[in-house]
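Dear colleague,

I am passing on the structure we spoke of, and below it you will find notes on what came out of going through it. Please read them with the structure open beside you.

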Amino acid sequence: MNILKSIGFITLGSSLLLGAPQQAKQDKQFQNVIKIGKKSSLLLLKTLGSNMKKNMKAGGPMKALDFCSQEAYTLTEIVNKKLPKGVSIKRISTKYRNPVNQPQGSEKEVLASLEKLQSLHVILPKQIVQKVDAQTYKYYKPLVINKQVCLKCHGDITNAALKRAIDERYPQDKAKHYKMGDLRGAIVVTIDKFVK
Ligand code: HEC
């Protein structure tokens, strides 16, 4: 009974602090951000994943590399066009292969914090949400090297022709020497001018 009472007290306390209607609005926005973020990041992951698999099956890692370097960005743009107005998606990494995937502004610190957590053996959350300003949120989905296939192109690359092709296309590549379970980066869904 005492525990129940104190939970009630805490909830009441926080709604008094923010004002109940404002709190309810904020909660609703937050739920919506998570819903949109989940849906959009799944769409991107599925689109990239299924195409990568198809190419890998058809022509091995060299063909899959062609796919990644020529189409990953275009496919991301296609996914972007399918998203609701004000919503956009991208991939970011501190150790990027393509410089367009560099984290921008505070995304750097968010990624660095996730890296820090991982170095402390904290199990990473499936998603985190950043409130950028009154109407803009960023939904981050941490991307971990979770399949052996990722290591073909992001691990200690053993296929000499593949390594050469990657180095030619990406002279400043930072995305090698990953190990299974490492944090590779994140998907960021930006939800802008969010009103409902
Ligand atoms: C066949 C080679 C290949 C495989 C396999 C591969 N990648 Fe990549 N990856 C690339 C290339 C090439 C790029 C750069 C794409 C571009 O130019 O937009 C890239 C980019 C990325 C990026 C964007 C950030 C950056 O570094 O530019 C992430 C995140 C990523 N890969 C994660 C993964 C994960 C996770 C897996 C396993 C499921 C994986 N990759 C498997 C070749 C590969």
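**The largest pocket**

About 1,300 Å³ of space lies in the largest pocket of this chain, and please keep in mind throughout that the model is predicted. The pocket is lined by 41 residues, and those that lie nearest its centre are Leu48, Met52, Arg91, Leu143 and His154. Sorted by class, the lining consists of 22 nonpolar, ten polar and nine charged residues. At least two lining residues come from each of α2, β1, β3, α4 and β4, with α2 giving the most, namely 15 residues.

**The iron atom**

Which residue is the only protein donor of the iron atom of the ligand? That donor is His154, through its NE2 atom, at 2.1 Å. His154 belongs to helix α4, which covers residues 148-154, and, as said above, His154 is also among the residues nearest the centre of the largest pocket.

**The chain as a whole**

Stepping back, the chain has five helices and four strands, and these follow one another along the sequence in the pattern α-α-β-α-β-β-α-α-β. Of the 196 residues in the chain, 36% are buried. When contacts with a separation of 6 or more are considered, 68% of them are accounted for by residues 24 or more positions apart.

**The nonpolar cores**

The largest nonpolar core has 17 residues, and within this core the residues that touch the most other members are Leu44, Leu48, Val87, Ile89, Ile187, Val189 and Ile191. Two or more residues of this core are given by each of α2 (20-82), β1 (87-92), β3 (136-144) and β4 (183-191), and α2 gives the most to this core, with eight residues. Helix α2 also gives the most to the lining of the largest pocket, and Leu48 is named both among the residues nearest the pocket centre and among the core residues that touch the most other members.

Ile191 is worth a look of its own: leaving aside its neighbours within four places in sequence, Ile191 is in contact with Val33, Ile36, Gly37, Gly86, Val87, Gln135, Thr136 and Tyr137. There is also a second, separate core, made up of nine residues, which include Ile92, Val110, Leu114 and Leu183.

**Some loop residues**

Most residues other than glycine have a negative phi. His121 has a positive phi of about 60° although it is not a glycine, and it sits in the loop between α3 (107-119) and β2 (128-133). His177 likewise has a positive phi, of about 65°, and is not a glycine either; its place is in the loop between α5 (160-169) and β4.

Is His121 buried or exposed? With a relative accessible area of 73%, His121 counts as exposed, because that value is over the 50% cut-off.

Asn101, in the loop between β1 and α3, is buried, because its relative accessible area of 18% is under the 20% cut-off. Apart from its neighbours within four places in sequence, the residues in contact with Asn101 are Arg91, Ile92, Ser93 and Tyr96. Of these, Arg91 is one of the residues nearest the centre of the largest pocket, and Ile92 belongs to the second core.

With best regards

Definitions and conventions
Residues numbered from 1 in each chain as written. Predicted model: local features only at pLDDT ≥ 70, side-chain atom pairs only at ≥ 80, totals over all residues. Heavy atoms only, no water. Donors = N, O, S within 2.8 Å, 3.2 Å for Na, K, Ca; no water. Core = buried A, V, L, I, M, F, W, Y, C linked by side-chain atoms within 4.5 Å. Buried < 20%, exposed > 50% of the residue type's maximum accessible area, 1.4 Å probe, protein only. Contact = heavy atoms within 4.5 Å. 1 Å grid on protein atoms, 1.4 Å probe; cavity = no way out; pocket = protein on both sides within 12 Å on 5 of 7 lines; lining within 4 Å. Points joined across faces, edges and corners; volume = space filled by probe spheres on them. Nonpolar A, V, L, I, M, F, W, Y, C, P; charged D, E, K, R; others polar.
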